[in-house]
Amino acid sequence: MDFEPYRGELVAYCYRMVGSFHEAEDLVQETMLRAWKARERYDPNRASVRTWLYRIATNVCLTALEGRARRPLPSGLAAPSDDPGAPLTPALDVPWLQPFPDARFDVGVRADMRLALVAAMQVLPPRQRAVLVLREVLEFSAAEVAGQLGTTVPAVNSALQRARAAVADAGDAGEVAEPGDPEVRALIGRYMRAFEAADVPALVRLLADDAVLEMPPVPLWYLGRRDYGLFMDRVFAMRGTGWAVTRLTANGQPALAAYAPEPGGGHRLHTLQVLTVAGGRVARNAVFADPAVLGAFGLPERIFPEDSAGTR
């Protein structure tokens, strides 16, 4: 039995469940190990290999989530800050939501992977989370999900209704533009050029009126173009100008790797920025500085000006 073709989609599933790419990889490895040990008991008359693997993965995820706090983004914990000069003290005791490196697995560009929706899923009880993903995203039947969770079809349908209501505030997936859209690429190109030029007024012009800027593991977040711009003024005052930026994707959204200038020349990796584009504007920017997150994307630690050529 060859389980490897299912690895990518299982990692994406476990990521939606636990909100951590690194942990999702570990949970899929555990799933594969359990499946291999139980392979002689697999009955193809009862379920396909894919359905069987998802049942094992679901149980592995539910066990991992027992008694655990959810993985949030800063905007899910408190009100926005009105002080762009507030101390940038990381909250290292919070298990923050992590982004998903699209290039690592070919799971397609999907709206259901976007950060805001995955963050909303983390609020659900684990079994509701599993029902929502298995039914709405992976399109298993209610009967298949009932078998995977060891419950009944009515219970699955009830859990799905509650889960849908709970994540409704995450917004309509159709409102979020895909990173490959020509207009999105052009917008992100303008954002990159403004960022590299430290042109804060140009950055602000690209933002939605209610744009969100958040920076896990720092628990602060800012709402609105004014505070976004004031904070960017602070960033360039602290770290200087002449940044370099390269383009990638995360969670099916446009993303940027930002490199801060070094005194001796070249640029050092500083943050990963995951952008949400809606209505022709940047509506949200989740900025990640955790070395573990940056490592998952396989980004070079240092680049020189020629390295970022052609990424516009």
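Modeller: Helices here are DSSP runs of H or I with at least four residues, strands are E runs of at least two, and both are numbered from the N terminus. Pro-217 sits in the loop between β1 and β2. A cis peptide bond links Pro-216 to Pro-217, with omega about 15°. Before you ask: this is a predicted model, where local features need pLDDT of at least 70 and side-chain atom pairs count only at pLDDT 80 or more, while totals for chains, interfaces and linings use all residues. Residues are numbered from 1 along each chain as its sequence is written, and side-chain values use heavy atoms, with hydrogens and water left out.

Biologist: Fine. What makes α6 and α7 parallel, perpendicular or oblique to each other?

Modeller: Two packed helices are described by the angle between their axes and the distance between those axes. The axes of α6 (residues 142–149) and α7 (residues 153–167) come within 8 Å and cross at roughly 100°. That makes α6 roughly perpendicular to α7. The cut-offs are under 35 degrees for roughly parallel, over 145 for roughly antiparallel, 65 to 115 for roughly perpendicular, and oblique for the rest. The axes are lines fitted to C-alpha atoms, for helices over the stretch in contact, with angles from 0 to 180 degrees between N-to-C directions.

Biologist: Which residues make that contact?

Modeller: From α6, Ala-142, Ala-143, Val-145 and Ala-146; from α7, Val-153, Val-156 and Asn-157. Contact means heavy atoms within 4.5 Å. By class, the α6 and α7 contact has 6 nonpolar, 1 polar and no charged residues. Nonpolar covers Ala, Val, Leu, Ile, Met, Phe, Trp, Tyr, Cys and Pro; charged covers Asp, Glu, Lys and Arg; the others, Gly among them, are polar.

Biologist: And how do you know how α5 lies relative to α7?

Modeller: By the angle again: the axes of α5 and α7 come within 8 Å and cross at roughly 95°. α5 and α7 are therefore roughly perpendicular to each other. Gln-128, Val-131, Leu-132, Arg-135 and Glu-136 of α5 meet a set in α7 including Val-156, Leu-160 and Arg-164. By class, the contact of α5 with α7 has 7 nonpolar, 1 polar and 4 charged residues.

Biologist: What is the class of Ala-155, over in α7?

Modeller: Ala-155 has a relative accessible area of 32%, so it is partly exposed.

Biologist: Where does Glu-139 sit, and is it buried or exposed?

Modeller: Glu-139 is in the loop between α5 and α6. At 64% relative accessibility, Glu-139 counts as exposed. Its phi is positive, about 60°, although it is not a glycine. Asn-251, in the loop between β3 and β4, also isn't a glycine and has a positive phi of about 55°. But Asn-251, at 0% relative accessibility, counts as buried.

Biologist: What makes you call β3 largely enclosed?

Modeller: Count its residues: 6 of the 7 in β3 (residues 244–250) are buried, so it is largely enclosed by the rest of the structure. β3 is joined by 7 bridges to β4 (residues 253–261), and the two run antiparallel. Pairing takes at least two bridges found by DSSP. Arg-247 stands opposite Leu-256 in β4.

Biologist: How many Å should α10 span?

Modeller: Its 15 residues (225–239) should span 21 Å, and the end C-alpha atoms are 21 Å apart, which agrees. The buried residues of α10, among them Tyr-228, Phe-231 and Phe-236, pack against α8, α9, β1, β2 and β6. After α10 comes Gly-240, with a positive phi near 85°.

Definitions and conventions
The expected span of a helix is 1.5 Å times one less than its number of residues. Buried means under 20% relative accessible area, exposed over 50%, partly exposed in between (1.4 Å probe, protein chains only).
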